[in-house]
Amino acid sequence: MAGKPLVVDADGTLLRTDMLLECAWKGVGSDPAGTLRALGRLPDKAAFKAELARVAPLRTDLLPVRDEVVALVETARAAGREVVLASASDAALVEPLAKRFGFDRVFASRDGENLKGAAKARALVTAFGERGFDYAGDAAADIAVWRHADHAIVVGRAGGAADRLAAPTRIAGGWTPRALLGALRPHQWVKNVLLFLPMIAAHAFDTGTLLRVLLGIAAFSAAASTIYIVNDLVDIEADRRHATKKTRPFAAGTVPIPIGMIACAALAVLALVLGALLSVQMLGVVVLYMALSLAYSLRLKRLRWVDIATLAALYTLRVVAGAAASEVPASVFMLIFVFPVFLTLGCVKRMTELALASDGARLPGRGYARGDRGDLLNMAALGMAGALVIFFLYSWSDQARLLYPDQWLLWVALLPIAAWLYRMIRLGYFGTQDYDPIVFALRDIRGIGYLLITLSLMFYAAGLWTEWYLRLTG
């Protein structure tokens, strides 16, 4: 092998990602019309790649790399060998990547030629001769190149092609189910406990209702994970510029984009099937939630104030879903109450991000900078005040008087509700909580204490503690 050029593929080999797919998903988020126009050129693969690279250019300096391959390149360079980057991606992307790592020569798709498989093999044989180079690749299409290389370096299993090669050098690749599970963000599923609210408010604690709500939570968890994957694929580049989001599976390259797309489709089907099993109404809520979440991921999250209102609407839809799943009507007062609460929490989420930002620039992919913290604080305070007023007005409604005979205890419950909202706003403003306020709230001991006090007071007002005690004591 000594002295012969080392030729390295880019996508999946040097990189832990695929530049074509990254361009496509970035284009979906930044220029959907341009991306659709690029798709119109798909029969000509080289022209399609060139147009997509123009519509959604990538920050190649942010792309995640495979350290073992980088080390291989550095070792070859230190031994005096020529190092070559050969990729089927468009030259507009490959050339900056080659410059980043100091490759001596570049082969890429250009001028109407899609440099993949046999086309790449022909170009390399023309340049270096038969058996005149070593080649590192990762895909089944690379078998056409390995046949003409002096030595094969295989990342992962290359679609089983590695098993047909004679004594290749192997470099670990692939992904793990645990990494994919991370992309689903299961810790975020805890937000779906909001589906229990209609059941709790109506005091419907029978087993059948509970099971229906649990099935609804499963449907919403699958729907949420579907959108989390879409969001992460659209926001890959922005996530790489974020202090913590850069470790997400797609941004870090620990899960291939095609695997994420397959998981996304499977979860969407699961969410729709579970919703349909519950009721037509639940199916409609799931579809609405996914549509609004998709609009949020693609566009609305970039619009000041619109993004916070959309977040509040998405949280409120979980309460509506709880009513649809349990077949327990959600009162208008409940929906009017929870919306300003969630509006407040949306402001808290943005204040937290701004407080933890490393500079005064706008948040990546968002419409806020540090100068907006004061406005967000004012909006959060208005949301808090609105929620408390609506809860007080609810206490005078006919429904509240029917469900809660001891009306004065509802007024007392306003105190822990106010304390909890104030705590969330304060911690968000100073950046001393999690990026997601709902997830933080469900593991914040003091905050949970306030919420439990609120529930206890409401149960006392309804006479539920006495009823349950009498049932237990016979």
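User: Which helix does Asp67 lie in?
Analyst: Asp67 is part of helix α5, which covers residues 67-78. Keep in mind that this is a predicted model.

User: Is Asp67 buried or exposed?
Analyst: Asp67 is exposed, because its relative accessible area is 55% and the cut-off for exposed is over 50%.

User: How far apart are the C-alpha atoms of Asp67 and Leu14?
Analyst: They are separated by 8.1 Å. Along the chain, Asp67 and Leu14 are 53 residues apart.

User: Stepping back, how many helices and strands are there in the chain?
Analyst: The protein chain has 23 helices and 6 strands. Its C-alpha atoms fill a box of roughly 90 × 50 × 40 Å along the principal axes.

User: And what percentage of the residues is buried?
Analyst: Of the 474 residues in the protein chain, 53% are buried.

User: Let's take α17. How many of its residues are buried?
Analyst: In α17, 18 of the 25 residues are buried, so this helix is largely enclosed by the rest of the structure.

User: What span should α17 have, and what does it have?
Analyst: At 1.5 Å a residue, its 25 residues should span 36 Å. The end C-alpha atoms of α17 are 37 Å apart, which agrees.

User: What about the span of α22?
Analyst: Helix α22 runs over residues 445-462, which is 18 residues, and should span 26 Å. Its end C-alpha atoms are 26 Å apart, so the two values agree.

User: Which residues of α22 are buried?
Analyst: The buried ones are Gly447, Thr454, Leu457, Met458, Phe459, Ala461 and Ala462.

User: What follows α22?
Analyst: Gly463 does, and its phi is positive, near 75 degrees.

User: Which residues other than glycine have a positive phi?
Analyst: Asp111 is one of them, with phi near 50 degrees. Arg185 is another, with a positive phi of about 50 degrees. For context, most residues other than glycine have a negative phi.

User: Where are those two found?
Analyst: Asp111 is in the loop between β3 (105-109) and α7 (118-128). Arg185 is in the loop between α9 (177-184) and α10.

User: Buried or exposed?
Analyst: Asp111 counts as exposed, at 76% relative accessibility. Arg185 is buried, with a relative accessible area of 9%.

User: New topic, pockets. How much space lies in the largest pocket?
Analyst: About 1,000 Å³. The lining is made of 38 residues, and Leu194, Leu197, Phe337, Leu451 and Leu455 lie nearest the centre of the pocket.

User: Which elements give two or more residues to that lining?
Analyst: They are α10 (197-201), α17, α18, α19 (398-403), α20 (407-429), α21 (437-441) and α22. Both α17 and α22, the helices you asked about, are on that list.

User: What classes of residue line the largest pocket?
Analyst: The lining has 33 nonpolar, 4 polar and 1 charged residues.

User: How many cavities of 30 Å³ or more are there?
Analyst: A search of the whole structure finds 3. The second largest cavity holds about 40 Å³ of space.

User: Which residues line the second largest cavity?
Analyst: Its lining consists of Glu22, Lys26, Leu58, Leu233, Val234, Ile236 and Glu237. Two or more of the lining residues come from each of α2 (19-30), α11 (207-234) and α12 (236-240). By class, 4 are nonpolar, none are polar and 3 are charged.

User: Now the rings. How many aromatic pairs are there?
Analyst: The whole structure has 13 aromatic pairs. One of them is Trp305 with Tyr368, an edge-to-face pair at 5.9 Å centre to centre and 85 degrees between the planes.

User: Where do Trp305 and Tyr368 sit in the chain?
Analyst: Trp305 is in the loop between α15 (280-298) and α16 (306-326). Tyr368 is in the loop between α17 (332-356) and α18 (373-394). The two are 63 residues apart, and the pair links distant parts of the chain.

User: How accessible is each?
Analyst: Trp305 is partly exposed at 28% relative accessible area, whereas Tyr368 is buried at 0%.

User: Which residues form an aromatic cluster?
Analyst: Phe107, Phe128 and Phe133 form one.

User: Last one: what lies over the face of Tyr429?
Analyst: Arg373 does, at 4.1 Å from the ring centre.

Note on methods: Residues are numbered from 1 along each chain as its sequence is written. This is a predicted model: local features need pLDDT of at least 70, side-chain atom pairs count only at pLDDT 80 or more; totals for chains, interfaces and linings use all residues. Side-chain values use heavy atoms; hydrogens and water are left out. Helices (H or I, at least four residues) and strands (E, at least two) are DSSP runs, numbered from the N terminus. The expected span of a helix is 1.5 Å times one less than its number of residues. Buried means under 20% relative accessible area, exposed over 50%, partly exposed in between (1.4 Å probe, protein chains only). Rings of Phe, Tyr and Trp (its six-membered ring) pair if their centres lie within 6.5 Å; planes under 30 degrees apart count as stacked, over 60 as edge-to-face and the rest as tilted. A charge sits over a ring if NZ of Lys or CZ of Arg is within 6 Å of the ring centre and within 35 degrees of the ring normal. On a 1 Å grid over the protein atoms alone, a cavity is a set of points where a 1.4 Å probe fits but cannot get out, and a pocket is an open set with protein on both sides within 12 Å along at least five of seven lines; lining residues have an atom within 4 Å of a point. Grid points are joined across faces, edges and corners, and a volume is the space filled by probe spheres set on the points. Ala, Val, Leu, Ile, Met, Phe, Trp, Tyr, Cys and Pro count as nonpolar, Asp, Glu, Lys and Arg as charged, and the others, Gly among them, as polar.
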